[in-house]
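Here are my notes on this model, as numbered points. Please read them with the structure open.

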Amino acid sequence: MMDESRAGTPGPTAQEVRAFVYSWLTARQTLPAGQALDSLAYLDEGYVSSMDFVAFVLALEERFAMRFADGDFVAPEARTVGGLIDLVLRRAAPGGAQGD
């Protein structure tokens, strides 16, 4: 279902989402040096605890005025930083699916 209040409003850029995600993660953990962070499995490798994950999801939804669907984080690609960024961009895009 489309969020009519966002119609005609541009969604966030990949750079904006990436900056927010990296800032959120680095405020809580030291991320590995020399690794491509987009491929970092932030959940599986323990960079975000289950309790922090709830706060992270809520922060993303609030910051980018979007909602995740219940099954969004089942897909393996959503469990990496790059996959998460892509998911936020899809959900926050004008006319993007909102928690369907």
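1. Val-88 has a relative accessible area of 0% in this predicted model. That is under the 20% cut-off, so Val-88 counts as buried. The residue sits in helix α3. Setting aside neighbours within four places in sequence, Val-88 is in contact with Val-17, Leu-60, Phe-64, Met-66 and Phe-68. Gly-11 lies 77 residues from Val-88 in sequence, yet the two C-alpha atoms are 9.7 Å apart in space.

2. Helix α3 covers residues 81–92, twelve residues in total. At 1.5 Å a residue, α3 should span 16 Å. The C-alpha atoms at its ends are 16 Å apart, so expectation and model agree.

3. How many of the twelve residues of α3 are buried? Nine are, so the helix is mostly covered, by the criterion of under 20% relative accessible area. The buried set is Val-81, Gly-82, Gly-83, Leu-84, Ile-85, Leu-87, Val-88, Arg-91 and Ala-92. These buried residues pack against α1 (14–26) and α2 (50–63).

4. Arg-91 deserves a separate look. This arginine is in helix α3. Its relative accessibility is 8%, so Arg-91 counts as buried. What does the side chain of Arg-91 make a polar contact with? The partner is the side chain of Asp-72, at 2.9 Å.

5. Glu-61 belongs to helix α2. Its relative accessible area is 9%, and therefore Glu-61 is buried. The Glu-61 side chain reaches the backbone nitrogen of Phe-68 at 2.9 Å. Not counting residues up to four places away in sequence, Glu-61 touches Met-66, Arg-67 and Phe-68.

6. Next, the largest nonpolar core. This core has 25 residues. Those that touch the most other members are Val-21, Leu-25, Tyr-42, Phe-68, Phe-73 and Leu-84. Helices α1, α2 and α3 are the elements that give two or more residues to this core. The largest share, six residues, comes from α3.

7. Leu-25 is one of the core residues that touch the most other members. Which residues does Leu-25 touch, not counting those up to four places away in sequence? They are Leu-31, Tyr-42, Val-48, Phe-56 and Val-81. Of these, Tyr-42 is also in the list of core residues with the most contacts to other members, and Val-81 is among the buried residues of α3.

Methods. Residues numbered from 1 in each chain as written. Predicted model: local features only at pLDDT ≥ 70, side-chain atom pairs only at ≥ 80, totals over all residues. Heavy atoms only, no water. Helix = DSSP H or I, 4+ residues; strand = E, 2+ residues; numbered from the N terminus. Expected span 1.5 Å × (residues − 1). Buried < 20%, exposed > 50% of the residue type's maximum accessible area, 1.4 Å probe, protein only. Contact = heavy atoms within 4.5 Å. Polar contact = N/O pair within 3.5 Å; in protein donor to acceptor, adjacent residues only side chain to side chain. Core = buried A, V, L, I, M, F, W, Y, C linked by side-chain atoms within 4.5 Å.
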